[in-house]
Amino acid sequence: IVSMTLDKEYDVAVQAIKLLTLVLQSSEEVLTAEDCENVYHLVYSAHRPVAVAAGEFLYKKLFSRRDPEDDGILKRRGRQSPNANLVKTLVFFFLESELHEHAAYLVDSMWDCATDLLKDWECMNSLLLEEPLNGEEPLTDRQESALIEIMLCTIRQAAECHPPVGRGTGKRVLTAKEKKTQLDDRTKITELFAVALPQLLAKYSVDAEKVTNLLQLPQYFDLEIYTTGRLEKHLDALLRQIRDIVEKHTDIDVLEACSKTYHALCNEEFTIFNRVDIARSQLIDELADKFNRLLEDFLKTYMKSFSSKEDLLRLKKQMRVFCQICQHYLTNVNTAVKEQAFTILCDVLMIFSHQIMTGGRDMLEPLVYTPDSSLQSELLSFILDHVFIDQDDDNNSDDEASKIEALHKRRNLLAAFCKLIVYTVVEMNTAADIFKQYMKYYNDYGDIIKETMSKTRQIDKIQCAKTLILSLQQLFNEMIQENGYNFDRSSPTFSGIKELARRFALTFGLDQLKTREAIAMLHKDGIEFAFKEPNPQGESHPPLNLAFLDILSEFSSKLLRQDKRTVSSDSMWLNREQTMHTPVMMQTPQLTSTIMREPKRLRPEENYMGVYPMQPEHHQAPLDYKYVDE
């Protein structure tokens with residue numbers, strides 16, 4: 001029977017384990033220690049029915065029997081409760097199994113049969129915080145780490161109500177009874193650990209592993225209880241502990257856990273948001289100030305060691321060689337190597353950009369390094385190949401947690417490159433390939449791309465506008481390459497480009513005077529693009545890119561009235577330059593209708609004048625494009 005527990009048919013294995021459980025209950029001496037060991041390790045099986053059956057066997061063998069002396073202390077709680085010794089037994093079993101990465105599997109295996117034990121968080125907390133009783137052996141450091149990990153897994157299982165990743169078919173719809181139990185458990189968890197967590201963090205503040213696990217608890221809290229239960233002082237204590245931990249640790253896992261805790265607590269739906277947000281902002285400001293001071297001290301020390309310009313030039317040469325090596329690794333077959341090379345390059349380019357001279361450090365000018373077009377192109381290609389991909393294309397993302405982690409990594413890569421754009425380390429027009437992805441990848445990167453648009457517009461309104469229209473031109477050309485010039489304007493591809501243009505137009509805001517030159521330059525570039533490809537069938541036929549004016553019309557509501565006339569005149573002039581006999585405006589009714597009409601007759605969604613008072617326009621002279629170019 002024992003050998004049948006390993007049967008390749010899971011149903012057979014489950015029944016064999018259940019039969020051994022019955023044997024155990026009726027005549028325990030039949031099973032040897034080795035027989036039991038063969039069943040114990042099945043609690044870590046990926047197949048849940050097998051693991052649950054093994055968990056019940058384990059519970060019957062090690063946890064179900066109670067010492068007669070415990071009968072007198074059944075009502076005691078915490079460290080003195082009957083569960084205290086059982087929790088220790090669970091910790092000992094977990095450590096002896098030497099599968100320290102699978103505490104969640106052990107908890108899930110015993111969840112149905114040992115619920116009361118696994119939910120005795122008060123007992124677990126007491127074992128960690130309270131001093132041992134007389135004659136009681138204290139937990140070792142290793143045992144405390146194991147208990148914290150097990151406690152975290154039990155809290156997660158109670159709060160989420162589904163098996164860990166890799167075991168089971170995923171989330172299911174909970175019954176009304178299960179939902180009530182879930183809410184009751186979250187309330188119990190919050191009321192206990194809102195008070196206890198700051199104490200636990202204070203006790204184990206220097207232990208990276210313990211702190212990392214403990215900091216995950218707040219994501220399972222019912223944050224409203226901080227207010228309804230009047231626990232704000234304990235929230236303040238928690239925030240102070242997180243702050244101290246950030247100052248003490250450099251371990252990436254610890255700092256990331258702190259970041260996730262701030263993210264969990266900074267929820268605008270709850271009244272504690274402002275309190276947490278202020279604490280987080282203060283910490284960030286202090287860290288930024290500390291970094292700047294340390295950087296200043298470093299640069300001063302650095303300048304003393306490189307006293308001459310020749311030393312700086314020699315260092316710059318070494319840095320360029322290093323960048324070339326990293327550039328070479330951008331095409332390495334190993335994805336992790338490529339990502340690391342990309343990240344290092346972005347960091348180095350930021351450090352040795354023209355920003356290094358700010359704050360009166362002109363003497364560092366020899367170190368300024370501007371990436372050549374080849375490096376800029378490779379960095380952009382890396383982003384296009386490794387960031388703008390579908391989730392299904394990521395072979396390493398087999399489950400939801402892995403997908404989230406992979407997305408987080410891709411967002412960091414994109415943010416690093418966008419920082420180079422925002423700080424003008426790379427040419428702004430490289431952002432065109434980023435901006436054109438705004439609609440397609442809105443859910444994943446929309447916030448990053450939109451912020452990049454905003455920052456580049458603050459740097460150079462006109463160049464930003466030229467980059468936006470360039471991104472639309474690239475999409476238009478890609479559509480032509482795929483479908484030819486005889487495409488359907490009602491097709492999803494063309495409609496998608498128009499919708500992207502509409503979204504771009506909305507980012508210019510309502511102040512037409514403020515964005516006047518940028519909008520005018522955008523129209524100038526758009527019109528030139530529409531007319532630049534003559535029709536091979538002859539001069540009597542419209543230019544090949546003329547349909548682009550339909551896309552350009554999405555920006556026309558942003559033009560001032562007199563500029564609309566200028567744009568229309570330029571279109572007619574280009575029409576005459578092409579010596580076309582077919583009036584251009586007949587081919588582009590939407591452009592005509594939005595440019596030539598008075599503002600009061602614009603489409604309802606584009607007519608802001610009735611709602612927002614605009615400055616008088618009669619004193620504005622028509623904009624001359626030649627001055628915009630300058």
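Is Val321 buried, partly exposed or exposed? I get partly exposed for Val321, at 40% relative accessibility. My cut-offs: buried is under 20% relative accessible area, exposed is over 50%, and partly exposed is in between (1.4 Å probe, protein chains only).

**Ground rules**

I am working with a predicted model, where local features need pLDDT of at least 70, side-chain atom pairs count only at pLDDT 80 or more, and totals for chains, interfaces and linings use all residues. Residues are numbered from 1 along each chain as its sequence is written, and side-chain values use heavy atoms, with hydrogens and water left out.

**Whole chain**

I find 28 helices and zero strands in the protein chain. Both are DSSP runs numbered from the N terminus: helices are H or I with at least four residues, strands are E with at least two. Of the 630 residues, 47% count as buried. The chain exposes about 33600 Å², and carbon and sulfur atoms supply 50% of that. Accessible areas come from the Shrake-Rupley method with a 1.4 Å probe, and for residues only the protein chains shown count as cover.

I also checked contacts, meaning heavy atoms within 4.5 Å. Among those between residues at least 6 apart in sequence, 71% join residues at least 24 apart.

**Helix α15 and its patch**

Back to Val321, which lies in helix α15. Val321, Ile325, Tyr329 and Val337 form a nonpolar patch on the surface, with about 310 Å² of accessible area together. Helix α15 (residues 309–329) gives the largest share of the patch, three residues. The patch rule takes residues with over 30% relative accessible area and no salt bridge; nonpolar side chains (Val, Leu, Ile, Met, Phe, Trp, Tyr) are joined within 5 Å, like charges within 9 Å.

Glu310 is in helix α15 too. I have Glu310 as exposed, with a relative accessible area of 54%. Glu310 and Pro366 are 56 residues apart in sequence, yet 9.0 Å apart in space, C-alpha to C-alpha.

**Salt bridges**

How many salt bridges are there? I count 23, taking a side-chain nitrogen of Lys or Arg within 4 Å of a carboxyl oxygen of Asp or Glu. Side chains of opposite charge can pair when their charged atoms come close.

Lys210 and Asp207 meet at 2.7 Å, N to O, and Lys210 is buried at a relative accessible area of 1%.

Asp277 and Arg280 meet at 2.9 Å, N to O. They sit three residues apart in helix α14 (residues 273–305), so about one helical turn separates them. An α-helix has 3.6 residues a turn, so residues three or four places apart point the same way. Both ends are partly exposed: Asp277 at 23%, Arg280 at 26%.

Asp550 and Lys498 meet at 3.4 Å, N to O. Asp550 lies in helix α24 (residues 548–552) and Lys498 in helix α22 (residues 492–506), so this pair ties together parts that are 52 residues apart in sequence. Asp550 and Lys498 are both buried. Shared partners join Arg489, Lys498, Asp550 and Glu554 into one salt-bridge network.

**Helix α23**

Helix α23 (residues 516–531) has 16 residues and reaches 23 Å from its first C-alpha to its last, close to the 22 Å expected at 1.5 Å a residue. The expected span is 1.5 Å times one less than the number of residues. I noted that 14 of the 16 residues of α23 are buried, so the helix is largely enclosed by the rest of the structure.

**Loops**

Ser45 is in the loop between α2 (33–40) and α3 (48–62), and counts as buried at 19% relative accessibility. What does the side chain of Ser45 reach? It reaches the backbone nitrogen of His47 at 3.1 Å. Leaving aside neighbours within four places in sequence, Ser45 is in contact with Val50, Ala51, Tyr105 and Arg167.

Next, backbone angles. Most residues other than glycine have a negative phi. Cys161 has a positive phi of about 60 degrees although it is not a glycine. Cys161 is in the loop between α8 (141–160) and α9 (176–203) and is partly exposed at 23%.

Thr424, also not a glycine, has a positive phi of about 55 degrees. Thr424 is in the loop between α18 (400–422) and α19 (432–435), and is partly exposed at 37%.

Definitions and conventions
A polar contact is a pair of N or O atoms within 3.5 Å; within protein, one must be able to donate a hydrogen and the other to accept it, and residues adjacent in sequence count only if both atoms are side-chain atoms.
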